[in-house]
Each structure stands twice: as C-alpha cells, then as structure tokens.
Amino acid sequence: MKPRVIARSLVALAALVLAMVVAPPAQAASATAVFVKTSEWGSAFEGKYTITNGTATTINGWSVAFDLPAGGSVSSSWDATSSRSGQRFTFTNLGWNGTLAPGASVSFGFIASPGGATPAGCTLNGAPCGGGSGPTVPGKPGAVSATASASSVALSWGASSGSVTGYRVYEGSSVRATVSGTSATVSGLGSCEAHTYAVAAYNSAGEGPKSDPVTVTTTGCTGGAPGKPGAVSATASASSVALSWGASSGSVTGYRVYEGSSVRATVSGTSATVSGLGSCEAHTYAVAAYNSAGEGPKSDPVTATTTGCTGGGPLPKHFLTGYWHNFDNPAVELRLSAVPDEYDLIAVSFGEATATPGEVVFGVDPGLSASLGGYTDAQFRADVQALHARGKKVILSVGGEAGRVQVASAAAATLFADTVYALMQKYDFDGVDIDLENGLNATYMGQALRQLRAKAGADLIITMAPQTIDMQSTGAEYFKLALSIKDILTVVHTQFYNSGSMLGCDQMAAYSQGTVNFMTALACIQLENGLRPDQVALGLPAGPGAAGGGIVSPTLVNQALTCLATRTGCGSFVPPRAYPGIRGAMTWSINWDASNGWNFSRTVKPHLATLP
C-alpha cells in the first residue's frame with residue numbers, strides 16, 4: 001500500500017526538485033506580485049498573490065506586503081509565513097518556495113476580512129508589486145423574482161457587477177441550474193411545494209456572494225394535506241438538538257419531527273427541540289406538516305451531532321492529512337520542517353516493531369539522514385516544534401506496508417500504550433495513526449488505545465488508515481476497532497487505492513477504483529454503519545509513483561468530497577443523504593506530492609474551505 005523503495009541518485013533528486021519550478025518561455029521586465037480575490041462572502045474573502053520572476057536573474061527569497069483598511073485582518077494563510085504591523089501585513093516565503101528562477105512563479109493564499117476589502121499599497125521585496133491585479137469575483141446579484149407553476153419555478157434577477165461568466169442557482173447548498181444570463185427555470189418539482197432559491201455569479205476568479213433568498217410555492221394546492229416544509233436547520237448541545245424549518249404551504253395544524261420512522265416531537269410552530277440525547281451522537285431528522293386531511297411530504301433530512309466529542313483535538317472542521325517519509329525512496333526527501341502549510345495533520349511514517357510484541361520504537365532513519373546531508377533526532381524534534389508553532393499537528397504512524405507491529409494480548413496492549421506514550425513525550429507527537437496492513441486484533445488494539453488515551457489525555461489524536469477491504473463490513477477487525485473506540489477516535493482515512501473494484505454501500509455494483517463513484521460509494525459504507533461524518537476522510541495517492549493503482553486527479557477528490565457533503569456533483573452513485581461534516585482528505589504522501597509539483601495539496605486544501 002505504501003512501499004518503501006530504496007534507491008535514488010542525487011542527480012535524480014536534483015532533477016525532481018528543479019522540475020517543481022517551471023519557467024514560461026516569455027519573460028517580463030521585472031518581478032511582479034499579482035493579486036486575485038478568489039472568493040468573497042459577507043464577512044471575509046479568500047485572496048491569492050502570484051509572484052513571477054520576470055527578471056534575468058534568480059530571486060533568492062521574497063516578501064510581499066500590503067495594507068488592509070481599518071478593522072481588517074488576516075485570519076489564516078498558506079504557503080508563506082505572515083506577520084502584522086498595524087494594518088500592514090507581510091508574507092514571506094517558506095524554505096521550499098523562496099528560490100525563483102527567471103520566468104518562474106509561485107503563489108500564496110490567505111483568508112482576510114472584511115469581505116469587501118481589497119489589499120492596497122502592495123510591495124514585493126520593498127518595490128511596488130507591479131502587474132496590476134487579476135480579475136476579482138463578481139458582485140452580489142440583484143433581487144430575485146420567482147413565478148411558479150405546478151411543476152417548475154421561473155426565476156429572474158438583476159445582473160451582478162464586474163466580469164461575469166455565468167450564474168448558479170442554489171437551493172440550500174445544491175446547485176439547481178447554471179446559466180449565462182439573468183434568468184433560469186427549475187423544473188421537475190412537485191405541486192404545492194415550498195422552495196427557497198439564491199443566485200451567485202461566477203468568473204475565472206471564483207464565485208461572488210449569493211443574492212438574498214426568495215421563497216416560492218408551486219401551484220396545485222387543493223386544501224388537502226399541507227406541502228413540504230422548507231429547509232431544516234439544526235443546532236446541537238451535549239444533550240439536545242434544536243430544529244427550525246420553513247413553513248409548509250396550505251392549511252397546517254402542526255408539524256411532526258421524525259427520526260427514521262419514529263416521531264420525536266409534535267409542535268404547532270416551525271421549531272422544536274429534541275432532548276434527552278447522549279453526547280457526541282449523530283441524529284438525522286425530517287419534518288412533516290399535517291392537518292385534518294392528513295400528513296404532507298417530509299422535508300429533506302438534516303443530520304446533527306451533539307457536542308461533547310473528545311479525541312478531535314484543535315483540528316479544523318475539514319482538514320488535509322499527509323504522510324511524511326522517514327525512509328529513503330524515489331520520492332523527494334524532505335526535512336519535516338519543509339512540509340507546506342496546506343497540510344494540517346502530518347503523520348510520520350513509521351513507528352517500527354521490535355521482537356517484543358506490542359513494543360514500538362522510532363528514530364530518524366539513517367538512510368534518510370544521509371540523503372539529507374545529516375538529519376539528527378534533535379533536528380527532527382526541533383522541526384516538530386516548528387510545525388507546532390505554525391499550528392500543525394504531528395502524529396506517529398505505526399505500521400505501514402512493511403510494519404510488523406503485533407498487539408494480540410493484554411501484555412502487548414499495555415506495552416504498546418507505554419512505548420507509544422514514551423515516544424510522544426520524547427518527540428512531542430500529538431497522537432498515533434494505526435496503519436497495520438499485516439493483521440490487527442480489534443479487541444487488544446482497542447485496549448491499547450484506551451490505555452494510551454488515559455495517559456495522554458483528551459487531546460490525544462487517534463487516526464486509522466485501513467485498506468479498502470478492511471472497511472467493507474462492520475465484521476472486519478479494522479471496522480470493529482473503529483466502532484469500539486468511536487468515542488475517542490479522531491478520523492479514519494481509508495486508503496481508496498491499490499484495491500481493484502469494490503462494492504459500495506448500495507451493494508448494487510462493483511465500482512472501479514480511481515473514480516468518484518468508488519470514493520463516494522465506499523465512504524458511504526462507513527457513514528451509514530456507525531461512524532460520524534467527522535470521523536470519515538478520503539485517502540488517495542498524491543500522484544504518479546505513489547501507488548500501484550487508484551491514482552486519481554485531485555479534482556475528482558474534490559468532486560467526491562462535494563458529493564458527500566452536499567449530494568451535488570456526484571457520479572452515477574448518489575449517497576442516501578448529505579454528510580456536511582465529512583472530515584476531509586488524506587494523501588500518501590507529502591513526499592510524493594512534492595515529486596508531483598504539490599498538485600494534490602494545492603488542489604484539495606483550498607477546496608476543503610468551500611465545504612459546508
């Protein structure tokens with residue numbers, strides 16, 4: 001699954017590193033930093049600067065600075081270090097992206113506020129940035145008007161300001177139509193249904209803010225049962241979920257709140273609270289209105305998870321995980337400190353077994369150290385601290401393709417917990433990743449992880465990287481382990497590669513690896529069989545060389561994540577419900593991502609910010 005191929009010349013390493021910077025044939029007269037606002041919403045925006053070396057000499061290090069208006073701030077950034085002095089913000093290269101050959105380019109991005117702001121007074125290495133600005137996202141569309149028939153709704157709106165490629169019509173988070181003009185018709189609706197739409201314009205820079213919503217009810221109401229309620233929203237506490245929804249059309253006596261086929265509440269208004277729940281539990285609800293004529297159609301379902309979950313740590317709602325090689329192979333070798341900011345969680349590969357069952361050891365691999373010109377344990381520990389200073393989490397992955405860690409007894413479970421905890425203290429790891437590809441005992445590994453949790457505390461991060469076959473059934477040992485430690489488990493990032501075709505949760509077809517259907521239908525097995533959406537992530541290879549099969553374009557990974565989060569943009573397989581809490585993605589590996597020009601992380605990480 002994760003081979004450690006040892007053999008690569010220094011010449012090949014130099015060629016791979018140089019291949020990461022591609023120089024265009026034409027060169028400008030100076031170095032420039034061009035700004036693009038890639039997206040904007042009410043309170044903030046996402047921006048990107050592209051630095052291009054248009055000179056005839058190599059640039060060794062760059063620094064971009066700009067001003068934001070009073071009250072503006074930068075909340076996060078990637079591919080650069082940032083600092084602030086008053087309202088001036090400065091971004092400086094990282095170790096891996098500071099050298100630009102003539103004609104080469106590099107970018108960094110950031111999230112800033114307020115939404116309508118634009119950086120001003122830009123300088124590149126102290127000189128004006130030059131090059132102007134790239135296109136910005138369009139403005140907010142004008143008021144939307146709606147006219148309904150029994151089966152469709154015709155919409156029209158005022159044009160957005162700025163350059164517009166087209167408009168997307170949204171119902172909730174789902175795109176119902178994409179058009180080039182300022183009108184659209186949504187068809188295939190039922191009679192006497194309430195629908196709420198909003199419109200957003202887009203261009204090459206991204207999508208602008210949505211219009212104010214408009215609600216319309218299709219015709220055909222006859223005085224019988226009420227129509228379908230509007231979208232349901234949910235807010236959870238540790239023991240309850242508060243729900244609210246749009247009113248149904250027609251005569252309404254009251255509303256019933258369903259969980260499956262069970263009625264959890266009956267109310268006369270458009271809100272209800274379901275109480276008496278346990279902490280860290282996922283619940284899915286739908287609402288139906290009723291009157292003397294009967295009950296109308298149920299709303300679209302909404303899923304909420306009660307608070308009180310532990311083991312998640314201070315990780316983002318949606319995050320990117322990458323494995324870092326502690327061994328020599330044809331991928332680019334990197335010091336741990338060279339991991340770019342796109343990665344939120346770094347899994348160090350691997351903790352090794354000894355002849356004593358359950359014992360885990362770790363140290364910087366001598367071959368890797370030699371390839372890096374000398375890399376000591378002390379330098380590695382300093383690099384873990386450097387990643388922590390950048391807000392990253394670092395965990396020790398145990399096992400791998402060649403790993404032989406065995407935890408099959410109570411004694412081995414205790415030794416596993418003791419030795420992993422000692423390594424956490426020595427290297428300041430934030431947790432452990434279970435990546436045993438040569439057999440796993442769910443009972444004793446579960447004991448080991450609970451003992452480790454008792455030692456390390458509630459902030460312990462626990463992840464798992466099972467092979468695809470290991471998560472096909474709840475009877476498999478990996479799946480059993482995940483369910484048995486669900487209360488302390490952070491995430492399972494299944495390896496959706498090197499497996500051939502597999503059945504999905506619909507049990508209707510064997511889906512081919514390397515497709516959106518494969519990722520979504522197999523993730524659905526976990527999502528529908530006990531794991532919370534925030535405990536499920538998609539694991540894929542970073543590009544050519546990283547796996548023997550299942551290599552997929554990162555854009556398809558993004559499509560699969562959107563499909564799972566919103567039930568839009570899917571392939572032929574559409575999941576039975578949306579999982580807006582889907583945790584994110586994992587890649588094998590950071591080193592292979594470097595070998596492929598960082599295409600995986602630079603494509604997937606920005607997309608995670610667009611998920612609900």
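Predicted model: local features only at pLDDT ≥ 70, side-chain atom pairs only at ≥ 80, totals over all residues.
C570 is buried, with a relative accessible area of 19%, a value that falls under the 20% limit for that class.

## Disulfides

C570 is joined to C563 by a disulfide with 2.0 Å between the sulfur atoms, and C563 is likewise buried, at 0% relative accessibility. The structure holds three disulfides, whose geometry is set out in the table.

| Disulfide | Sulfur–sulfur distance | Angle about the S-S bond | Hand |
|---|---|---|---|
| C122 and C129 | 1.8 Å | -65 degrees | left-handed |
| C505 and C524 | 2.1 Å | 80 degrees | right-handed |
| C563 and C570 | 2.0 Å | 100 degrees | right-handed |

The link of C505 and C524, right-handed with 80 degrees about the S-S bond, connects distant parts of the chain, 19 residues apart, with C505 in the loop between β35 (502–503) and β36 (510–511) and C524 in helix α7 (residues 516–527).

## Aromatic rings

Across the whole structure, a search finds 28 aromatic pairs. One of them is formed by W62 and F108, which are stacked, with 5.6 Å from centre to centre and 15 degrees between the planes. This pair also links distant parts of the chain, 46 residues apart, since W62 lies in the loop between β3 (59–60) and β4 (63–67) and F108 in strand β9 (residues 105–113). Both partners are buried, W62 at 2% relative accessibility and F108 at 1%. W62 and F108 belong in turn to a cluster linked by ring pairs, whose members are F35, Y49, W62, F66, F89, F91, F108 and F110.

R168 lies over the face of Y202, at 4.0 Å from the ring centre, and R256 lies over the face of Y290, at 4.0 Å from the ring centre.

In soluble globular proteins, nonpolar side chains tend to be buried together. The largest nonpolar core here has 108 residues, and the members that touch the most other members are W324, L336, F380, F416 and I434. Helix α7 gives the most to this core, with nine residues. Around F380, and leaving aside neighbours within four places in sequence, the contacts are W324, L336, V348, F362, V364, Y375, Y427 and F429. A second, separate core of 23 residues includes F35, F91, V106 and C122. Two of these names return from the ring cluster, F35 and F91, and C122 is the cysteine that forms a disulfide with C129.

## Two residues with side-chain contacts to backbone oxygens

Which backbone oxygen lies 2.8 Å from a polar atom of the side chain of T419? The oxygen belongs to L415, and T419 itself is placed in helix α4 (residues 410–427). T419 counts as buried because its relative accessibility is 13%. Not counting residues up to four places away in sequence, T419 touches G358, E359 and V360.

R390 has its place in the loop between α3 (377–389) and β31 (393–400), and at 27% relative accessibility this arginine counts as partly exposed. A polar atom of the R390 side chain lies 3.2 Å from the backbone oxygen of S337. S337 is also among the residues in contact with R390 when neighbours within four places in sequence are left aside, the others being V339, P340 and D341.

Key:
Residues numbered from 1 in each chain as written. Heavy atoms only, no water. Helix = DSSP H or I, 4+ residues; strand = E, 2+ residues; numbered from the N terminus. Buried < 20%, exposed > 50% of the residue type's maximum accessible area, 1.4 Å probe, protein only. Polar contact = N/O pair within 3.5 Å; in protein donor to acceptor, adjacent residues only side chain to side chain. Contact = heavy atoms within 4.5 Å. Disulfide = S-S within 2.5 Å. Phe/Tyr/Trp six-rings, centres within 6.5 Å; stacked < 30°, edge-to-face > 60°. Lys NZ or Arg CZ within 6 Å of the ring centre and 35° of its normal. Core = buried A, V, L, I, M, F, W, Y, C linked by side-chain atoms within 4.5 Å.
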